[in-house]
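Hi,

Here is the structure I promised to pass on. Have a look at it first, then read my notes below.

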Amino acid sequence: MNQASSAVELKNVVKKFDEVTAVDDIDLTIGDGEFFSLLGPSGCGKTTTLRMIAGLELPTAGSVLIHGEEMGLKPPNKRPVNTVFQNYALFPHMTVAGNVEFGLRMQKVPKEKRSELIDWAINLVEMDGLSHRKPTQLSGGQQQRVALARALVNRPKVLLLDEPLGALDLKLRQQMQIELKNLQREVGITFVYVTHDQEEAVTMSDRIGVMHEGKLLQIGTPEDIYERPTTRFVADFIGRSNFLEATVASESEVVLSNGDRLQLESDHTVGESVAITVRPERLTVHKRGESSTNQHQIDGVIDSVVYLGNAIVYSVSIDWMNLEVRSSETSNSRYSEGDAVTISFDPQYVSVVSG
Amino acid sequence: MKKLLEKKSSSAGLEQQAVKAKARQGFFVGLPSIIYLLIFFLIPLGYVIAYSFATRSRTGRTELRDWNLDAYVRLGEEVVQAVAWRSLWIAVLTTVICLLLAYPLAFYISTRRPVIRNLLLIGIMIPFWSNFLIRTYAWRVLLSSDGLFTRIVEELGLGEGRILFTQPAVILGLVYGYLPFMVLPLYAAIERIDWSLVEGARDLYASGWKAFRRVVWPLSRPGVIAGSILVFVPSFGAYVTPAILGGNKQSLMGSYIVDQFMDARNGPLGSSLSVLVLGVMLIGTLIYFRQGGRNL
């Protein structure tokens, strides 16, 4: 990503609160028009990172650039970004229209232009007819829309969203995920979205940055993150995963703890103990002895079977541990407890991560 | 009797009975204080109102006959008007000074850490631990011609330090006495404000001052109104402070009313003046409830 097309750039950003390091040396470039998610468990520093972009916190070290411009000590009101807060932070003493108008008034936008923009924003979030309500007279989902309209009406270069769907129930959240994504395409504004919900991040984002303990562990497309995790934490945090302890034997071979050798490329040093990670749905179960096209096979015994309707989850005992296998084959070839089986997998869906 | 039984047997009747029984219970629990207020507040208040329409006999007795409005007509007299306007002016001034002093303090307290916040709040309330009268007398010592206050003011060249028995001394005393009543409701209102709203305002291009003006100030208004009423109402009818710190040349409502009852032996006028004070206080309280109701 070159300088001209980057919306947000973080260079070696560190944030310490007293002696606690909340954000630990982050480098990140977010492209113009991108939907970028910062994903991580609570306390991983994702919100602090967002607040540093907004100017609500100042970095202890490093710099924040927005559209190539160094933000330095600029206060939030001097930055070309707007935030949708986790609790929405709607002004309770103002109507919906008053809330949406606030940013425009502060920027001294002329009155006619203001009402035009307010209509546009309220229409955009489908809140027409409710503009004279006070925030307390709105449902959670409606408040969320007002918070969006209030930020978007200013046409910021970057919109920052801090877990905006966190307070909504599941159904509404899923609906809003799709709406948010469509909205982002429609207005063409860069979205930086903070969430701890991996499904949300995967659904909406162009790219995801996974954070853990103040560090940015991996940046990539949802597919990259899901199929090719580079660390055990990422593999574990996003979706379900099996981890098999192994040792690197050579550049193209690892040895499992039972002595089985697997042909896997990795850039880990020879002799290093690693884990190979594979998603439950990337494992296939066969009857023992049946031939498989996959060269990677491990023998095991079915330990338990859970029927989920659209899939069956097997727990397969393989000597030293249990593997989770998710099969979408629900009618034919069902196995039951105690069946001797062989598990196989395609190496393209397996990642080698640090142990 | 039959009808009554029928009514009782229906479920709606039972529900009504339960509601009535609850209301009765509440009444009995409240009875002691109701009786207390009746004897020591409502009946005397009735007397004052009745007195204000009564007749003063030649010897100065108040006689409850020949009901008239003479005492109210006298409220229009120049002397009375002067006292009323002076009291009003002093009450307004005291309120404004208290507000100007208390707002920054309340703001400061409510933005501290909880431990420090509580310590500061206790600090605000410490004066209540000793008697108001005694504390006012202490000001008399401080303000006397060789008192600490007087000497400090004169040493610093801040002008005339001897203000005892003047209007400034009265205002000083009132501000001192009623400042906590302004700080506490302001603190309660400001403390309740969600600070993410300020961040929201800053994020929406408001400068620090604009964020205060547009968000903090309007949201703290219930506290401003409550504090102002709590200071204004007692300041308007203040008796102790002006009596101890003020001169006898420029009397205020409180002492003027006492004068009517004691020295002039004019019960009706004293009563009509009291009704006037009550009226002003009532208006203040009504404003408070109206504004409070709108904001909360």
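Which domains does the domain assignment of chain B give? There are two: domain 1 (2–52) and domain 2 (77–295), with bounds that come from an automatic or database domain assignment.

Before you go on, some housekeeping. This is a predicted model, where local features need pLDDT of at least 70, side-chain atom pairs count only at pLDDT 80 or more, and totals for chains, interfaces and linings use all residues. Residues are numbered from 1 along each chain as its sequence is written, while chains are lettered from A and ligands numbered from 1 in the order in which they are written.

Back to chain B. The centres of its domains 1 and 2, taken over C-alpha atoms, are 38 Å apart. Four residues of domain 1 and six of domain 2 make up their contact (two residues are in contact if their C-beta atoms, placed from the backbone, lie within 7 Å).

Chain A is split as well, into domain 1 (3–232) and domain 2 (240–354). Here 39 Å separate the centres, again over C-alpha atoms. Domain 1 of chain A puts six residues into the contact and domain 2 of chain A puts in seven.

Now for how the chains meet: 16 residues of chain A and 14 residues of chain B take part. On the chain A side, β6 (81–84) and α2 (96–106) each bring at least two residues; helices (H or I, at least four residues) and strands (E, at least two) are DSSP runs, numbered from the N terminus. The largest share of that side, three residues, is from α2(A).

Cheers
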